[in-house]
Amino acid sequence: MFISRTFAIFRKEVRHIVRDVRVLFLVTLAPAFLLLMLSYVFSLDYQHSKVAVLDWDKSAVSRDFIAQITADGDFTLKSYLSDYAGAEASLLAGDADLALIIPRGFGEDARAGRATQLQALVDGMNPLSARNAIAQLSARTSAFAAMRLGQSGALITLAKTADVHGRAWYNPAIKTLYSMVPGLLAVVMFMPAMAFTLALAREKETGSFEGLIATPVRGFEYLGGKLLAYTLAGMVGALVATLVAVFWFQVPFRGDLGTLLAMTALYFFATMSAGILIANFVTSQQTAMTIFLLAFFLPSFFISGLTQPINTTSLTSMLTSMPVPQTHFIAIARAIFLKGLGWDGLWEPALALVVLGSIMFTAGMLLFKKKVS
Amino acid sequence: MENAIVAHDLTKHFGRFTAVDHITFRVPRGQIFGFLGPNGSGKTTTIRILLGLMKPTAGLAEVLGMDITRQPERVRAHLGYMSQRFSLYNDLTVIENLRFFGRAYGLHGDKLRAQIDFVLQMAGLVGRERQYARLLAGGWRQRLALGAAIMHTPQLVFLDEPTAGVDPVSRRMFWDLLYRLTSEGMTIFVTTHYMDEAEHCNQLAFIHNGHIIAEGTPSEIKERMMHGQVLELSPGDPARAVGLLRAAQSDGRLQADEVALYGLSVHVIGADIAGQQATILEMLRAEGIDPGLALLIPPSLEDVFIANVR
């Protein structure tokens, strides 16, 4: 009885999802789209800077240097300049984001181990991207000195000071993209749960719920069948978003896909349980969506460790971060992607998701009576 | 157990608003019980209480011999409900809707298939199994909704304004279906504000502002509550005729309880209308309105209802 009624609800929900293009999009493709957009917004070093080069040196070393910095595609060589005026002009016209000036004697000095300096000119209109371009160039310059010339990384300096990141173990290229994309992947996977919450509100809104409550279907059968359907559909969304992370953003995937999907299921359980809780207090889809975005989407960026690490020594920050499912799933997704951790290394955040989900599910169920307003 | 429903002193408050105010009635088994009243009179609230979806503030409701407030789930297995808002799924096909509701009521296997066939036959939906519910015309949708509500062969079924917005032919077909169901022993509790439909019910109760103002068979209600005569006129200009007669009624030239427009005809209701017939016709002619055919007719339920609600 219990199984067959739950299964009846499940089948009906799968049909609703597959037949409503908007819901289908929201659950399967929207996470990947949102991941694409947010990754560009949040990964400031991920940009293709156009470089114009004024090479006074014209040596083998300087040519090798230019080839090196443009090798991986983050810097595109736009043009060779013949004088300073040309550098300024191409920056002003927007043809180049950065003008690199290599002084006479650069190759000789570098090979001899004498300190030498390059100059970078950037367009200050967009300070953030300018600073990032400088930082990237600076990192590459050190790398060039160390790897190609066997010299100290400090040999060649830029005539613009910029912070150079330390060498990070799990993220050798120091790309914030690598830690940002898995984190954002965790954030965008709130969407299936939002679609689930909207579906709960929709049945109240359209009145089909009223036809259902007169049947012997019980609350947990109704919610269970729905939850199962949206979890399954959400898995497709998780898969698509993971593909985008791996193939579009080229984020290394060191862990196991099965583990990631299983963890995603736990995350769905936690977020959808929150949805059940929310659905108890709303009667319209609009309110449901607003609450969901305010409660899940916004906090993701500030308190869940996405943009800055959680301060584990501060009680307040722990109290605000830990009850949020995103906190744990962001940690899980990053660890699976970048460190390749499995269940043994992830049981703590996984348990946190189960506990949070169970608390909210129980509370939601207790409040969710089959009743009409 | 001869009564499917026994309601005693049922009362429901919503804050300071009293939706249902000490109502008492019985619904005999195997009959069509019509629950009539204007919008907002407490019809839907009463149904929700009787389905166990809402607890009454006070009073007792016995449904199929059991206290609905104590054992709602047990009783509900034998109840059907077709809500006022269309409760089918528009993005499911006819057969998918029936399968879903059948399973929701715990049917499966051969029993489920047999019931689906029965409903398709009954509702005349054979050949339309694969059509989406949203594409069905009003009459089909309504019969499908009824079918979905009775898949589990309930003993008692509640229909909340089932024929609202459906064409007359489909309404007629729907009522024929209801007769068939009661002949098989089902009890039907139906709300409507179509008075012609009320005449088809075995038993009626009028609810107004949360009070039951009349109860009985249609003919009992007419006899008991209508102390007057009804004169039907078919004047050339019905709207102006009503205006004139109402003016006469208010300044005492006409002794009548009610002057009402019925489509193109006008009903004048009162204790002694036959005696004033000549006066009435004269009044209209004096204003240049041809009174048309004037007939003393037996009161309809609508006459009774309007005369008593005012």
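This is a predicted model: local features need pLDDT of at least 70, side-chain atom pairs count only at pLDDT 80 or more; totals for chains, interfaces and linings use all residues.
**Exercise 1.** Work out how α2(A) and α8(A) are oriented to each other, and which residues meet between them.

*Solution.* Start with the axes: those of helix α2 (residues 21-42) of chain A and helix α8 (residues 191-206) of chain A come within 8 Å and cross at roughly 170°. Next, apply the cut-off: angles over 145 degrees count as roughly antiparallel. The two helices, α2(A) and α8(A), are therefore roughly antiparallel to each other. As for handedness, the crossing of α2(A) past α8(A) is right-handed. Now look at the contact itself: α2(A) brings A:Val23, A:Leu26, A:Val27, A:Ala30 and A:Pro31, which meet A:Met191, A:Pro192 and A:Ala195 of α8(A). Sorted by type, the residues of this contact are 8 nonpolar, no polar and no charged.

**Exercise 2.** Trace the open sheet of 4 strands in chain B and find what packs on it.

*Solution.* First, write down the strand order, which is β12-β13-β11-β14 (chain B), with antiparallel pairing. Then pick out the edges: β12 (258-262) and β14 (294-297) of chain B each pair on one side only. Neighbouring strands are turned by 25° against each other on average, direction ignored. Zoom in on one pair: strand β11 (residues 229-233) of chain B is joined to the antiparallel β14(B) by 4 bridges. B:Val230, for instance, has B:Ile297 in β14(B) as its bridge partner.

**Exercise 3.** Find the domains of chain A and how far apart their C-alpha centres lie.

*Solution.* The assignment gives domain 1 (2-42 + 176-367) and domain 2 (49-158). The C-alpha centres of these domains of chain A lie 45 Å apart.

Conventions:
Residues are numbered from 1 along each chain as its sequence is written. Chains are lettered from A and ligands numbered from 1 in the order in which they are written. Two strands pair if DSSP finds at least two bridges between them. Axes are lines fitted to C-alpha atoms, for helices over the stretch in contact, and angles run from 0 to 180 degrees between N-to-C directions. Two residues are in contact if their C-beta atoms, placed from the backbone, lie within 7 Å. Domain bounds come from an automatic or database domain assignment. Angles under 35 degrees count as roughly parallel, over 145 as roughly antiparallel, 65 to 115 as roughly perpendicular and the rest as oblique. A crossing is left-handed if the near helix is turned anticlockwise from the far one by less than a right angle, and right-handed if clockwise. Ala, Val, Leu, Ile, Met, Phe, Trp, Tyr, Cys and Pro count as nonpolar, Asp, Glu, Lys and Arg as charged, and the others, Gly among them, as polar.
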